[in-house]
Amino acid sequence: MLWYHQAVPHDVRDWDLTHAGPLFSTTAAGKKRNVIVASGKDGLLRLIDRDTHEVLYTVPFTTQENVDVPLTVEGVRSCPGLLGGQEWNGSAYSPLSNTLFVPAVDWCTTFKKAADTPTFKQEDHYYGGTIVMDPFEKARGWLTALDASTGKTRWRYASNTPMLAAVTATAGNVLFTGDFNRDFLTLDATNGKVLYRFNTGGEVAGGIVTYAVGGKQYVAAVSGYVSAFFKGSGPAGVTVFALP
């Protein structure tokens with residue numbers, strides 16, 4: 001190991017970093033730097049200098065509530081919750097505009113600390129207490145565009161469902177992503193306006209890729225059942241779009 005950065009010391013809310021962050025070079029804090037993005041379920045995005053290991057900025061990209069309040073037996077409701085913030089798919093970076101695009105889940109949880117030390121049992125979830133998720137119907141999502149050099153918000157797309165899908169930024173200055181309305185989405189990377197929407201028949205929460213075959217460009221998105229926590233519906237499938 002050469003170096004590391006611990007994003008959430010003494011993590012008691014399951015705010016792990018669940019994905020790889022983009023690596024790129026940009027001008028930040030007055031000079032050209034090689035950087036990496038570290039963002040996760042705590043709903044914070046950090047830009048870190050890969051050479052000096054300095055955290056250049058830290059910005060929130062979803063609701064922050066009771067994030068520093070110690071947990072109690074009675075319970076503390078925190079946002080992001082156990083499944084909030086940024087889940088399995090990382091942020092996207094566009095060198096065209098030096099912009100980061102960050103998907104998010106806005107879903108809160110009440111964390112209750114166990115009154116006594118719990119007994120460890122093989123293959124059980126071992127929380128040291130209990131969790132009560134807000135009703136899934138209250139869960140929302142965001143797609144936030146940030147200036148990669150400063151962390152300043154350029155625009156935000158608000159979704160009435162969580163946004164877990166990958167975000168793919170293209171040289172055509174459009175974004176591909178999806179939501180729990182079962183929609184594959186194409187957005188204008190400049191302002192976040194939805195340019196195209198297609199119902200895939202299942203929740204869009206996985207990878208989205210673009211590729212070319214024989215000089216023709218395609219976009220593929222996976223959809224269907226998501227997980228035991230997030231549920232989902234519809235057959236597991238891959239929808240492929242062809243571009244003119």
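Does Asp183 count as buried or exposed, and at what relative accessibility?

Analyst: Asp183 counts as buried, at 9% relative accessibility. Here buried means under 20% relative accessible area, exposed means over 50%, and partly exposed is in between (1.4 Å probe, protein chains only). Before we go on, please note that this is a predicted model, where local features need pLDDT of at least 70 and side-chain atom pairs count only at pLDDT 80 or more, while totals for chains, interfaces and linings use all residues. Residues are numbered from 1 along each chain as its sequence is written, and side-chain values use heavy atoms, leaving out hydrogens and water.

Now for the partner of Asp183. Arg197 forms a salt bridge with Asp183 (a side-chain nitrogen of Lys or Arg within 4 Å of a carboxyl oxygen of Asp or Glu), and the closest N and O atoms of Arg197 and Asp183 are 3.2 Å apart. Asp183 sits in strand E14 (residues 183-188) and Arg197 in strand E15 (residues 194-199), so this pair links distant parts of the chain, 14 residues apart. Strands (E) are DSSP runs of at least two residues, numbered from the N terminus. While Asp183 is buried, Arg197 counts as partly exposed because its relative accessibility is 41%.

By the salt-bridge rule, the count comes to nine. One of them joins Asp134 and Arg77, with the closest N and O atoms 2.6 Å apart. Here again distant parts of the chain are linked: Asp134 is in the loop between E9 and strand E10 (140-147), Arg77 is in strand E5, and 57 residues separate the two. Asp134 is buried, with a relative accessible area of 14%, whereas Arg77, at 34% relative accessibility, counts as partly exposed.

The side chains of Asp147 and Arg154 also meet in a salt bridge, at 2.9 Å from N to O. Asp147 counts as buried because its relative accessibility is 17%, and Arg154 is partly exposed, with a relative accessible area of 40%. Elsewhere, Asp14, Asp16 and Lys41 are linked in a network of salt bridges.

Next, look for a covalent link. A search of the whole structure finds one disulfide, meaning a pair of cysteine sulfur atoms within 2.5 Å. Cys79 and Cys108 form this link, their sulfur atoms 2.0 Å apart. The link of Cys79 and Cys108 is right-handed, with 110° about the S-S bond. Cys79 lies in the loop between strand E5 (76-78) and strand E6 (92-94), and Cys108 lies in the loop between strand E7 (99-106) and strand E8 (109-113), so the pair ties together parts that are 29 residues apart in sequence. Both Cys79 and Cys108 are buried.

Val209, Tyr211, Val213, Val222, Val238 and Val240 make a nonpolar surface patch of about 490 Å². Such a patch joins nonpolar side chains within 5 Å, from residues with over 30% relative accessible area and no salt bridge. Strand E16 (208-213) and strand E18 (237-242) each supply at least two residues of the patch, and the largest share, three residues, comes from E16. Val238 lies in strand E18. With 56% relative accessibility, Val238 counts as exposed, in contrast to Asp183, which counts as buried.

Note on methods: Patches are made of residues with over 30% relative accessible area and no salt bridge: like charges are joined within 9 Å, nonpolar side chains (Val, Leu, Ile, Met, Phe, Trp, Tyr) within 5 Å. Accessible areas come from the Shrake-Rupley method with a 1.4 Å probe; for residues, only the protein chains shown count as cover. Helices (H or I, at least four residues) and strands (E, at least two) are DSSP runs, numbered from the N terminus.
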